[in-house]
Amino acid sequence: MSTRGMFCLAAMAVLLVITGLGQSWVVALSILNLCLISSIMALGLNMQWGYAGLFNVGVMGFAALGGIAATLVSVAPVDAAWDIAGTDLAWTGITVFFTVLAVILVRRLMDPGRWRMAATTVVLLVGWGVLNRFFDPAVEAIESVDPARTGFLGGLDLPVLLGWPAGGLAAAAAAWLIARVALGLRADYLAIATLGIAEMVIAVIKNEDWLTRGVRNVTGLDRPVPYEIGLQQSSRFQELAASLGIDIQTASTIAVKLCYAGLFTAVLAGLLVLAEKALHSPWGRMMRAIRDNETSAAAMGKDIKARHLEIFVLGAAVIGVAGAMLTTLEGQFTPGSYQPLRFTFLIWVMVIIGGSGNNWGAVLGGFLVWFVWIEAEPAGLWLAGHLLAIAGEGSTVAGYILDGAPYMRVLVMGLILLLVLRFAPGGLLPAQPRRPA
Amino acid sequence: MDDLLNAGALFANFVLVPGISYGSQLALCALGLTIIFGILRFANFAHGDVMAFGTMATIFATWLFQDLGLTIRPLPTALIAMPAGIAAAIGICLATDRCVYRFHRRKRSPAIMFVIASFGVMLVMNGLVRMVIGTKDRSFDDGARFILKVREFRDATGLQEGLAIKVSQGLTVAVTCIAGTLLFWFLQHARTGKAMRAWSDNEDLALLSGVSPERVVMVAWLISATLATVAGTLYGLDKSFKPYTYFHLLLPTFAAAIVGGIGHPLGAVIGGYVVAFSEIALTYAYRKFLIYLGPEGWQPEGLVQVLATEYKFAVSFIILIVVLLIRPTGIFRGKVI
């Protein structure tokens, strides 16, 4: 890392400390936790965009897939639902398997052309018909099981930490599918296709209640860290809080947030080490060579499409892990909270501002942009308050200003992005080619 | 015979009429997108927010006209307010082009930088619209609501099923026809239109023939902003105005442009109708329709709906994927892939 990077990261730390002293340590720590998660997402996107120049506008979808995977790994199974719908579900699974098998066979055995297309369509339609025969009653049965509390299949009841790699796997699988279709076309098409898959993922998660409980949310997820209430009851913790002179409630909140911060930092550090190693390995050099000039890289015998597929899946997996971590931190899965602005475009701003192609830049961008995103709201309200004093309390203008204040930050983010693109296209920490010693 | 007519009326009421009006709106959106793609050669992610911005300006002008008592009953006031909205949208498009895109054009940045810049523009406009008009649903249609009411149709034909045509739907089709005709006439016959087509075909050759790049780009923004505002206003009249929905129109718009062949105006129109009709036809529940058509006393099981209504946007996505898989150039062989 360059001295500039050191300086920027140190400045970031100072900003967080100021928040801690000025507002409160609880606020500072919650910002820190989300900064860590954002950095991981930015790291994932940076792999796709910064290393390989692949244009992913579906960050939201991959993050949501990670979140749902973590949820399904950790919640307890709903036995009643499995009991009444198990057979139908099994038949559904078998139908899907055989349909896919039939499609593969058709595509292997027949020559490409109109007939193959027709045969594929027929097989798919038949499969769809049979599928609905079993699937619809199963869904109805599952959703009728105690809808106020469950109404879905539940999960695997495993430790939530296992959900993190599972989240990565789920996102990677989706990325592989979309990459098979859209890689190799022109770059904007990948952007549009990923925008589509993100919307699709959210639509499925919101509406397939039997699997995800939909917009009724899954709450009360397991935690990898102790509960506040448990800490407050333990005598050793009470002594510790007393000796530090903090009241027990604040102390327990801070302790829990610190535990999360520790876990997230560990993941971020691990990924960062791996990413740095990869970027400076022959593999990373090959990726950059492909990014900078596909034709000459292909002439050198590099398989462009395979390498692109590889890096796209890897990046999506990292984003998926971050999504799983986010769900774990929140302790609930709320499909309604996935907005493209917050999950896709904000992450893009992070990568561009931080410095595309540079891992440290992505991390710094994640921290800085998230910090500004959160702190812009109180700042906007503070500004609005002063404007109110001028405009007069209770006037129509005052109402407008107060309503508009939260959206100020979207505008500011856009402006920052445009300014960086124009005046510092390399970002805060531009990627520097490493010269041989 | 009656059953057949009833089924027809039902289908027209719930699929045909909404499909034509939604398709016209999408066609206008996709035209605006495809013009920018043809001339500036990038996918403009800010298009949805240009629509929202233009519509917002139209709404303000509508309110102003309503206060002044300037209405054109039975037509909605928004129709005479539209020029103000168009002017505002053109203003902001030209301003962003001057401040943002021109720099990258001069630098000959790769297309992808334009797309990222359009993200920035999108965020700015997104924040601006929400700050100015808020996120709430606004409905701004006034004047008569229906051209043909359900009751009138039933009385006139004696059928059980009704058919309603909203003023906004009739207006949409009329305005789309006019706008489309004007645009195609312009592209085929006007000097600037020909220059634009030449530019879209081959930049260097057009330059050599004396086409002024800045002028072509400016006209492209003019057209795109106008079409976006018209489409946005018609959509808002038909449903209601909400900044969020306009952002989400981006996906069907892209799908429409790509299905038709991106950069190809006629393709965009066809693509708009293809996407709209697939969206509506695939999420419509055919139960009642089939009851009319089937033998006496027969009832289909369930709703006979291919996809739940919530998956409306998924349809655009599926179309997009199918087109990318089978014919990435679109119906009308669009720009180079």
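The lining of the second largest pocket divides into eleven nonpolar, seven polar and five charged residues (nonpolar: Ala, Val, Leu, Ile, Met, Phe, Trp, Tyr, Cys and Pro; charged: Asp, Glu, Lys and Arg; polar: the others, Gly among them). The model is predicted: local features need pLDDT of at least 70 and side-chain atom pairs pLDDT 80 or more, whereas totals for chains, interfaces and linings use all residues. Residues are numbered from 1 along each chain as its sequence is written, chains are lettered from A in the order in which they are written, and side-chain values use heavy atoms, without hydrogens and water.

The volume of the second largest pocket is about 570 Å³. A pocket is an open set of points on a 1 Å grid over the protein atoms alone, where a 1.4 Å probe fits, with protein on both sides within 12 Å along at least five of seven lines; lining residues have an atom within 4 Å of a point. The volume is the space filled by probe spheres set on the points, which are joined across faces, edges and corners. Of the 23 lining residues, Trp49(A), Arg291(A), Pro110(B), Ile112(B) and Met113(B) are the closest to the centre.

Between them, chain B and chain A bury about 4,300 Å², 80% of it on carbon and sulfur atoms (accessible area, 1.4 Å probe, lost on being put together and summed over both). In chain B, Leu123(B), Met131(B) and Tyr311(B) lose the most area to chain A. Zero salt bridges are found across this interface (a side-chain nitrogen of Lys or Arg within 4 Å of a carboxyl oxygen of Asp or Glu).

Key:
Buried area = accessible area lost by both parts, 1.4 Å probe.
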